Amino acid sequence: MFMLFIISFIIVPVLKCCGTETSTYTTQYNEVDIKEIMDNERLLVAYIGCLLDKNPCTPEGKELKRNIPDALQSDCNKCSDKQRENADAWIEFMIDNRPEDWTKLEERYNPDGSYRTKYLESKHNATSNVDESK
């Protein structure tokens, strides 16, 4: 899926070697607990601020920020399954629970809004499938 990007932005791990083309992102950060970040206002605000150049970034935040454009452009085709799962969770959380922050991130990383559209269509289809199975 699309949204596998951002947020994983907290999770979309980074290339092991800067400036070298690789077929996948490093899995170094796959064990990051995305739920812990989403449930912790201080951590959440810090990551969002990093991605928006509003505050300093941790080393992994810098790497993540550098790789978000590639992840979005390639539909996260360099992401592991865990990274895709985390990215989906992050994006769903941001759109549903932090729409103002999502809008700011979207303006910077996906100004045409295509990923929000994909998410909303996916959510609608999932809801429709549940309704039809009843």
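**Exercise 1. Is K82 buried, exposed or partly exposed?**

Before we start, a quick note on the model: it is predicted, so local features need pLDDT of at least 70 and side-chain atom pairs count only at pLDDT 80 or more, while totals for chains, interfaces and linings use all residues. Residues are numbered from 1 along each chain as its sequence is written, and side-chain values use heavy atoms, with hydrogens and water left out.

*Solution.* 
- Step 1: recall the cut-offs: buried is under 20% relative accessible area, exposed is over 50%, and partly exposed is in between (1.4 Å probe, protein chains only).
- Step 2: K82 has 32% relative accessibility, so it counts as partly exposed.

**Exercise 2. Find the salt-bridge partner of K82, and work out how the two sit in their helix.**

*Solution.* 
- Step 1: a salt bridge is a side-chain nitrogen of Lys or Arg within 4 Å of a carboxyl oxygen of Asp or Glu.
- Step 2: K82 pairs with E85, and their closest N and O atoms are 3.8 Å apart.
- Step 3: helices are DSSP runs (H or I, at least four residues), while strands are E runs of at least two, and both are numbered from the N terminus.
- Step 4: K82 and E85 are 3 residues apart in helix α5 (residues 81-97), so about one helical turn separates them.
- Step 5: an α-helix has 3.6 residues a turn, so residues three or four places apart point the same way.

**Exercise 3. Describe what happens at the start of α3 and just after it.**

*Solution.* 
- Step 1: at the start, a side-chain oxygen of N40 comes within 3.0 Å of the backbone nitrogen of R42.
- Step 2: along the helix (residues 41-51), the buried residues include L44, Y47 and I48.
- Step 3: just after α3, D53 has a positive phi of about 60°.

Terms used:
A polar contact is a pair of N or O atoms within 3.5 Å; within protein, one must be able to donate a hydrogen and the other to accept it, and residues adjacent in sequence count only if both atoms are side-chain atoms.
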